[in-house]
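Open your viewer and get ready to click along. We will go from stop to stop, and at each one you will hear what to select and what is there.

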Amino acid sequence: MSRQEDAPKDRFPAAFAATAGDGGAAGTGHPAWEEETKHLAFVVGRIQRHIERLSAASGGIKSAHERVAEDFWEDISLDVSTPDDLLESYADIAQQAAIVEELRARIGASAADLERLVQMMQKPYFARIDFAPDGGEPVTVYLGLRAFYDEEFEADLVVDWRAPIASLYYEAAVGPAAYRAPDGPVRGHLGLKRQFIIRQRALKAMVDLTGVAAGDELLADILARPAAPHLRAVVETIQKEQSAVIRRDDYGVLLVEGAAGSGKTSVALMHVAYLLHHFRATLSSEHILILSPNALFTEYIGLVLPELGETNVRRTTLFERIEAVLGGEAIETPFEKLEYLLEGGTDDPRRALRHRIDAELSSPAYARLLSAFVRSLGPDDLVFRPIGDEEATWFSVEMIRRLARRVYGSGDPAWVRRLGALLELALARRAEAMLMATWVDFALDAVPAAVARRIHERLLRRADDLPSDFDQTYERALRRWIVRRRAEAHREAIRAFGFVDAVATYRRLFAEPERYAELWRTFQAETGLDGAFLQSLQAHVADRLTRRPLAFEDAVAAAYVKTALTGAGEDSAVRFVVVDEAQDYAPPEVLWLLTLFPKARWMFLGDRAQALLPRSTVFDPASVDWLGTAYAGRGPLDVKTLPASYRSTAEIQALAAAVLGVPVPEGAELRHGPPPRLVVVPDHAALARTLAEDIARLLQAGHGMIAVLCRTERECETAEAYLDRRVPYQRVYAGTRELRGKVLLMPAALAKGIEFDAVLLFDVSRRRYGEPEDRKLLYTLLMRAKHAAVLYAVGEPSPLLPVDRVSVVVSER
C-alpha cells in the first residue's frame with residue numbers, strides 16, 4: 001500500500017480522488033470551500049515540513065563544507081621529492097578540491113531550493129483539474145508555477161503548469177478531452193476545472209469552469225493589479241489561443257501577431273520556460289536567446305523567467321549584436337534613428353527622402369539583392385585592410401588579395417574563412433622575416449627588465465658552457481619575444497577578420513552600380529522603381545556611407561556582409577531565438593539574424609499596427625513569402641494571431657481603435673473605466689499646471705505607475721522645462737536600465753512594450769500629430785495604459801482624435 005493511501009482523510013482531502021464539478025459556484029459559498037481550504041492547509045504544511053528538513057540538511061552540508069575547507073591542507077600529504085610523489089600529492093589535492101566543490105554546489109542548490117519552496121508556500125497552486133483517461137484511473141491534479149513532489153507520500157502534490165496534462169486546464173472544456181503526452185494523445189473525460197485565488201497561504205476565492213476561458217473573477221483580479229516596474233508572470237490566466245502558442249515545439253519559424261495588450265511578451269517568455277521544461281534533457285538556457293528592442297525592455301522582462309523557475313537565459317538587443325560584429329564603428333542606434341524621423345514632419349525633405357530610401361531598403365527585394373551581392377563577391381570585389389601597425393605592415397592589401405585568389409571558389413562565401421586560415425599559417429613566416437626589422441631594433445630598449453632577466457636566465461640554464469655567441473643568441477631571443485607579442489595581436493585581428501572592410505565593401509554596391517548592374521536591374525524590376533529615383537538612392541547611400549555614425553540600416557547590411565563572408569558573430573549553439581517587438585524588423589535584418597544563428601528555430605512576436613516607420617515588416621505577406629524561401633529546408637513556417645487585447649479598458653481600446661481606423665479587437669471580456677480625457681490648453685505653461693494636478697489626482701487614486709509620454713526626447717526636455725519640479729518623476733533616457741519612480745517621463749521610442757496604470761500624452765496638438773502616419777504612434781502610446789488616459793493639446797487638437805471617444809475639457813488657464 002502506498003503512503004498516499006495511508007494519509008488521514010481530514011489532513012489530505014480530495015488530493016487524489018476525482019470529483020465532479022459544482023456547476024459554476026464561486027467564492028466562500030462554494031460547496032467545496034471547506035474541502036479545498038483543508039487541502040490547501042495540508043499542502044502548505046507539507047511544503048513547510050520539506051523546508052524544515054532541507055534547512056536542517058543544508059546546515060549540515062554547510063558545516064561539512066567549512067570543516068573540509070579548514071582541514072584542506074591537513075588532509076593532504078604533500079611530497080615533491082620525486083615525480084611519482086608529486087603526482088600522488090597532486091591527486092590528493094584534486095580529490096579534496098572535488099569534495100569542496102561538490103559541497104559548495106550542494107549548498108547552492110539547497111539555498112535555491114529553499115527560496116523556491118518559501119515562495120511556493122505563499123501560493124502553492126492556482127487551479128485543479130479532474131481527468132479520467134479512457135481505460136485508466138481518474139486523477140486529480142493541482143497546477144502551480146512549480147512542481148512539488150512529496151517523497152513521504154510518494155505523490156505529486158503540485159504539478160508544473162508546463163506539464164502535458166496541464167494543457168487541459170488551458171485548452172479544454174469540461175467533457176470529452178485529450179492532451180498530448182510524450183507517448184501520444186491521451187483521451188478521456190475532463191470532469192472538473194477549478195480556479196483559485198490564493199494569497200499568503202489563504203484561499204480567497206474559487207470558481208468552477210465549464211468552458212475553456214479563464215474565469216472572469218480571476219482575470220479581473222489579475223488585470224486590476226497595479227502596473228509594476230517589471231513584467232510579471234501570470235500563468236493563471238493563459239487563454240486557449242495563448243496556450244497553443246506557448247506549447248508549440250514543432251515549428252521552424254513561428255510568426256505571432258497580436259494586438260497591443262494581447263500578452264505577446266508574456267507568451268514569448270512562457271514559451272521559453274515551456275521549451276526548457278519540455279526539452280530539459282537536451283536543452284539548456286545557453287541554447288535560447290531573447291532579442292529585445294532596447295536595454296530598458298530587456299530589464300523590464302528580466303524577472304519573468306526567474307519567477308517561472310528558469311534563469312540565465314541569454315538576452316540581448318539587435319544593436320548590441322551589430323556592435324559586436326562591426327567592432328569599433330560608430331553606429332546610429334535604433335532609438336536615435338526613430339527620434340530623428342519622429343522629430344520632423346513630412347515637409348522636411350531630408351527626412352522624407354530617408355523615409356522613402358528606408359522603405360525601399362527594408363523590402364524583401366532588397367534582402368534578395370543583399371544575398372545575391374554577397375554570393376557575387378570575389379577577391380577583386382572585397383575591400384581589404386592591411387594587417388600591421390604604425391611600425392610595420394605584415395600583410396599588405398595586395399598580398400592579401402593574392403592569397404585570396406588562391407583560395408577563392410566562385411559562389412562559395414566560405415572562401416573568406418579559408419583566407420583567414422591561410423593568413424594565420426603565413427603569420428609564422430612573416431614573424432620570422434620581421435626578426436631583423438628596424439622597428440625591432442628600437443623596441444629592444446623597451447623590453448621589460450623582468451622579461452629580459454627571465455629570458456637571460458633561461459638561456460643560461462640551457463647552456464653547459466657559456467658560448468662565444470651568447471650575446472647574439474640573447475639578442476635574438478629578445479627579438480623573437482618582441483615579434484611574437486606583435487604577431488599574437490595580429491593573429492587576433494586575423495581571427496576577427498579585421499582584414500575585411502565590410503562597410504567599404506558594402507559601399508561598392510552603391511558607389512559602383514555599373515559593376516553590379518545585373519543585381520540592380522533585378523531589384524528595379526521587382527520594386528518598380530523609376531530610374532531617376534534609383535540613381536538618387538544609389539548616390540545618397542554611397543555618400544552617407546562615407547560619414548559617421550553609420551545609418552542604422554547601413555550598419556545592419558554591412559554586418560550581414562561581414563557575417564555571411566566570414567562567420568563573424570555566428571553562434572551555432574543557439575537553437576531557439578525569440579524576437580519581441582518584431583514589427584520593427586524588416587527582411588534585411590531577419591536575413592542577417594538567420595545568418596548569425598544558422599541552427600536556430602525562430603519565434604517572431606509583434607503587431608504591425610505598432611510599426612512606427614513606413615517600411616516593410618516581417619509580418620507583411622511579401623515578407624512572409626520571402627522568409628519561407630530563405631528558411632526553406634530548415635523547418636515549417638506558421639503564422640498565428642492573438643487578436644484579443646486584455647491590458648486596457650474598453651474605453652481606452654475604443655479610442656485607440658478609432659485613431660487607427662479599425663474595429664476594437666474581439667475575444668476579450670473588457671473591463672470598463674473612465675473615458676479618456678482630452679484637455680485643450682492655451683500654452684505649455686497651462687499644460688504643465690494641469691499635468692501636475694492630474695498626476696497628483698492619479699497618485700491619490702492609488703495608481704502604481706504613471707507615464708508622461710512625449711513624442712521625442714526633445715519634447716521630454718520641453719516638458720521638463722515647464723514642469724519645473726512641480727511633481728517628482730524619473731526621467732527615462734535611452735541608457736536607462738531600470739524603472740524606479742512612480743511617475744515616469746519618457747519618449748515614445750522607449751515606451752513600446754511596457755504597460756502603465758495611467759498614460760498622460762504630452763501635446764497631442766495638430767502641430768505634433770497632424771499627419772496620417774501619426775496614427776500608429778498615437779495608437780501605440782494610448783495602448784500602454786491599463787486604467788486611465790489623459791491627452792493634452794496646446795491649441796488645436798490632432799485631427800486624428802475622434803471627439804466622440806474622449807471627454808473634452810477646455811482650459812483657459
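Here is a tour of some surface patches, a helix and a few backbone spots.

Before you start, note that this is a predicted model, in which local features need pLDDT of at least 70 and side-chain atom pairs count only at pLDDT 80 or more, while totals for chains, interfaces and linings use all residues. Residues are numbered from 1 along each chain as its sequence is written, and side-chain values use heavy atoms, with hydrogens and water left out.

**Stop 1: a positive patch.** Select R454, R458, R461, R462 and R484, which form a positive surface patch. Patch members have over 30% relative accessible area and no salt bridge; like charges are joined within 9 Å, and nonpolar side chains (Val, Leu, Ile, Met, Phe, Trp, Tyr) within 5 Å. A salt bridge is a side-chain nitrogen of Lys or Arg within 4 Å of a carboxyl oxygen of Asp or Glu. Lys and Arg count as positive, Asp and Glu as negative, and His and the chain ends are not counted. The place of a charge is NZ of Lys, CZ of Arg, CG of Asp or CD of Glu. Which helix gives the most to this patch? Helix 17 (residues 449–462) does, with four residues. Helices (H or I, at least four residues) and strands (E, at least two) are DSSP runs, numbered from the N terminus.

**Stop 2: a nonpolar patch.** Now select V803, V808 and V810: together this nonpolar surface patch has about 270 Å² of accessible area (Shrake-Rupley method, 1.4 Å probe; for residues, only the protein chains shown count as cover). V803 sits in the loop between strand 21 (785–794) and strand 22 (807–810).

**Stop 3: a helix with two faces.** Move to helix 24 (residues 621–630) and color S623, V624, W626 and L627, its buried residues (buried is under 20% relative accessible area, exposed over 50%, partly exposed in between; 1.4 Å probe, protein chains only). They lie on the same side of helix 24 because they cover an arc of only 165° around the axis, taken from the directions from the helix axis to the C-beta atoms. On the face turned away, find the exposed P621, D625 and T629.

Stop 4: Most residues other than glycine have a negative phi, and most peptide bonds are trans. Select E154, though, and you find a positive phi of about 50°. R725 has a positive phi of about 65° and is exposed at 77% relative accessible area. Finally, the peptide bond from R548 to P549 is cis, with omega near 5°.
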